[in-house]
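Biologist: Please put the model up. I would like to go through it one question at a time.

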Amino acid sequence: MSLIAVVEDNADNRLLLQAILEDSYSLVEYDTGVAALEGMANQVPDLILLDISLPGMDGLAVLQHVRADARLSGIPVIALTAHAMLGDRESFLAAGFNGYLTKPIIDEHLLLRTIAEGLTT
């Protein structure tokens, strides 16, 4: 079973993702970018769902650290964000994310499809 790291500071969003994903994937959850980087050094996930607006270190900074770490650099990272303005998707993909999902998660099938696509790249 693939391991997904959920990096999300909002407990309600983590619970929603857990409810949707727990039957198909193993999950490890982090509420800050620093905690995620520390945890992923010991337990390397197959895919990362990464919130952009995190306390302390935002998702873009976390992504830079992931891409700079030889053990983590090839992991697909999906931006999970409330940033849904025109051009945001393109900006996040250009920054190095493999996918982009907006919050709140309304379309469970889109979430599952985006994860499946990320795992097969």
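Biologist: Which element gives the most to the lining of the largest pocket?

Modeller: This is a predicted model: local features need pLDDT of at least 70, side-chain atom pairs count only at pLDDT 80 or more, and totals for chains, interfaces and linings use all residues. Residues are numbered from 1 along each chain as its sequence is written, and side-chain values use heavy atoms, leaving out hydrogens and water. Elements are DSSP runs numbered from the N terminus: helices (H or I, at least four residues) and strands (E, at least two). With five residues in the lining of the largest pocket, the element that gives the most is α5.

Biologist: What volume does the largest pocket have?

Modeller: A 1 Å grid over the protein atoms alone is searched for points where a 1.4 Å probe fits; a pocket is an open set of points with protein on both sides within 12 Å along at least five of seven lines, and lining residues have an atom within 4 Å of a point. Points are joined across faces, edges and corners, and the volume is the space filled by probe spheres set on them. For the largest pocket that volume is about 220 Å³.

Biologist: Which residues lie nearest the centre of the largest pocket?

Modeller: The lining counts 13 residues. Those nearest the centre are Arg-89, Gly-99, Tyr-100, Thr-114 and Glu-117.

Biologist: Which elements give two or more residues to that lining?

Modeller: Take the lining element by element. Those that give two or more residues are α4 (88-94), β5 (99-102) and α5 (108-119).

Biologist: How many residues of each class are in the lining of the largest pocket?

Modeller: Ala, Val, Leu, Ile, Met, Phe, Trp, Tyr, Cys and Pro count as nonpolar; Asp, Glu, Lys and Arg as charged; the others, Gly among them, as polar. By class, the lining has four nonpolar, six polar and three charged residues.

Biologist: In what order do the elements of the chain run?

Modeller: The chain has five helices and five strands. From the N terminus on, the order is β-α-β-α-β-α-β-α-β-α.

Biologist: What radius of gyration does the chain have?

Modeller: The radius is taken over C-alpha atoms, and the globule rule is 2.2 Å times the number of residues to the power 0.38. For 121 residues, a compact globule would come out near 14 Å. The chain agrees with that, at 13 Å.

Biologist: What share of the 121 residues is buried?

Modeller: Buried means under 20% relative accessible area, exposed over 50%, and partly exposed in between (1.4 Å probe, protein chains only). In this chain, the buried share is 42%.

Biologist: Why does Thr-81 count as buried?

Modeller: Thr-81 lies in strand β4 (residues 77-81). Leaving aside neighbours within four places in sequence, its contacts (heavy atoms within 4.5 Å) include Phe-92, Tyr-100 and Leu-101. Thr-81 counts as buried because its relative accessibility is 0%.

Biologist: With which residues is Arg-14 in contact, leaving aside its neighbours within four places in sequence?

Modeller: Arg-14 sits in helix α1 (residues 11-21). Arg-14 counts as buried because its relative accessibility is 16%. Beyond its sequence neighbours within four places, the contacts of Arg-14 are Val-6, Glu-8, Asp-9, Glu-29, Tyr-30 and Asp-31.

Biologist: What is the relative accessible area of Arg-67?

Modeller: Arg-67 lies in helix α3. Arg-67 is partly exposed, with a value of 27%.

Biologist: How far apart in space are Ser-73 and Met-57, C-alpha to C-alpha?

Modeller: Ser-73 is found in the loop between α3 and β4. Ser-73 is partly exposed, at 32% relative accessible area. Ser-73 and Met-57 are 16 residues apart in sequence, and their C-alpha separation is 18 Å.

Biologist: By what distance are the C-alpha atoms of Ala-68 and Pro-55 separated?

Modeller: Ala-68 belongs to helix α3 (residues 59-68). At 66% relative accessibility, Ala-68 counts as exposed. Along the chain, Ala-68 and Pro-55 are 13 residues apart, and their C-alpha atoms are separated by 21 Å.

Biologist: Is the peptide bond from Lys-103 to Pro-104 cis or trans?

Modeller: Pro-104 is placed in the loop between β5 and α5. For the bond from Lys-103 to Pro-104, omega is near 0°, and the bond is cis.
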